[in-house]
Amino acid sequence: MTRFAFSIHATDGAARNGAIAMERGVIRTPAFMPVGTAATVKAMKPADVERAGADIILGNTYHLMLRPGAERVARLGGLHRFMGWEKPILTDSGGYQVMSLSALTKRSEEGVAFASHLDGTRHMITPERSIEIQRLLGSNIVMAFDELVPTTSTREVQAAAMERSMRWARRSRDAFDGGEEHAARNAIFGIQQGALDEGLRKASADALIDIGFDGYAIGGLAVGEGQEAMFGCLDFAPAQLPADKPRYLMGVGKPTDIVGAVERGVDMFDCVMPTRSGRTGQAFTRGGPINIRNARFAEDQGPLDPECACAVCGTWSRAYVHHLVRAGEMLGAMLMTEHNIAFYEALMADLRTAIAGGTLTPFANDFRARYGAAKGESA
């Protein structure tokens, strides 16, 4: 049985092509994880997510603890059996959603007390409870519980949140190790914090390395600071983390965000953008995003992306998908989402190939030039 093993097959500058071997399968890196917030990648069946090229998906601790409940999922055989996904699952700690979605939060050294966004009931997440929920779900990669503050906060606020997150990281690690049977088969990642401050990021990285984790996430970015500021942070943050462990940039992002982050040494990503955009009529293409609701697609017989090999592009026209989306038919959201996930996974495959061939820089430059050529569309 392989619990967790990360290997680097090739490098190109700071970028790495590798793989994470786990009991439930191999995760090729750089990897994009579709987001399955409530035990489903919205508008997609698990088999279609796998067919699109995904090796791992993300589940959400906060949402699943509230509905249907972690204890219920455990009684029903765990998250993999519950949703019909056999490959690895990473669960976030719930910290971001507690801070961003919940009303009346109260933070303390113990954890975060909050009111459910569903019905207002009161709950408490501590590092120990977060790890317990993730263990009940049957998560393969568990995330340490952390505290997120806006990058616009004062340095004092950022430092205090980072230091508390490091104390919570230690408690998370201890709680994970306490579940011996689960820990023997799965992995835990720590989360680097410190906003955009190089010194705080370094202190956070050093504290996490001292505790020891299977992998390391870069948290607290893609929260409104803009791509230039994010890349400025990524110019130093990944290199502060161990070179022999995977690096995961949480909540990112747009295709150009991912390409730039891979160039800076990031191995794993997740984002709701491909699924959310699919439900709102935006399709990602190699020539840039398009709004399929636009009247110019009403009689367009070409595929969403002429260079895409997904089943959607091989079967249906832009005109048909335009009709479905404009008519509010659920199939429209399904086809758009399937294509967008396939686009993201194909981008990751292209990045892996470019790194292996030593051609990442020309590939990235060409991708940005073509993707950015689209005018009048969002993202």
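Thr 61 is buried, with a relative accessible area of 0%; buried here means under 20% relative accessible area, exposed over 50%, and partly exposed in between, with a 1.4 Å probe and protein chains only. The model is predicted, so local features need pLDDT of at least 70 and side-chain atom pairs count only at pLDDT 80 or more, while totals for chains, interfaces and linings use all residues. Residues are numbered from 1 along each chain as its sequence is written, and side-chain values use heavy atoms, leaving out hydrogens and water.

Thr 61 lies in helix α2 (residues 61-66). Helices (H or I, at least four residues) and strands (E, at least two) are DSSP runs, numbered from the N terminus. Setting aside neighbours within four places in sequence, Thr 61 is in contact (heavy atoms within 4.5 Å) with Thr 91, Asp 92, Ser 93, Gly 94, Ile 133 and Gln 134.

Let's move on to the strands. Strand β12 (residues 215-218) is covered on both faces: Gly 215 and Ala 217 are buried on one side, Tyr 216 and Ile 218 on the other. Two strands pair if DSSP finds at least two bridges between them. Strand β11 (residues 187-192) pairs with β12 in the parallel sense over 4 bridges, and Gly 190 has Tyr 216 as its bridge partner in β12. From β11 the chain crosses through helix α9 (residues 198-211) to β12, in a right-handed β-α-β crossover. Right-handed means that, with the strands pointing away from the viewer, the path from the first strand over the helix to the second runs clockwise.

β12 also pairs with strand β13 (residues 247-249), in the parallel sense over 3 bridges. Here the bridge partner of Tyr 216 is Arg 247.

Next comes helix α11 (residues 255-263), where 8 of the 9 residues are buried. Among them are Asp 257, Ile 258 and Val 259. Just after α11, Gly 265 takes a positive phi of about 100 degrees.

Finally, look at helices α14 (residues 330-357) and α15 (residues 360-371), which pack at an angle of about 150 degrees with their axes 8 Å apart. Axes are lines fitted to C-alpha atoms, for helices over the stretch in contact, and angles run from 0 to 180 degrees between N-to-C directions. α14 and α15 are therefore roughly antiparallel, a term for angles over 145 degrees; under 35 counts as roughly parallel, 65 to 115 as roughly perpendicular, and the rest as oblique. Residues making the contact include Phe 343 and Leu 347 of α14 and Phe 363 and Phe 367 of α15.
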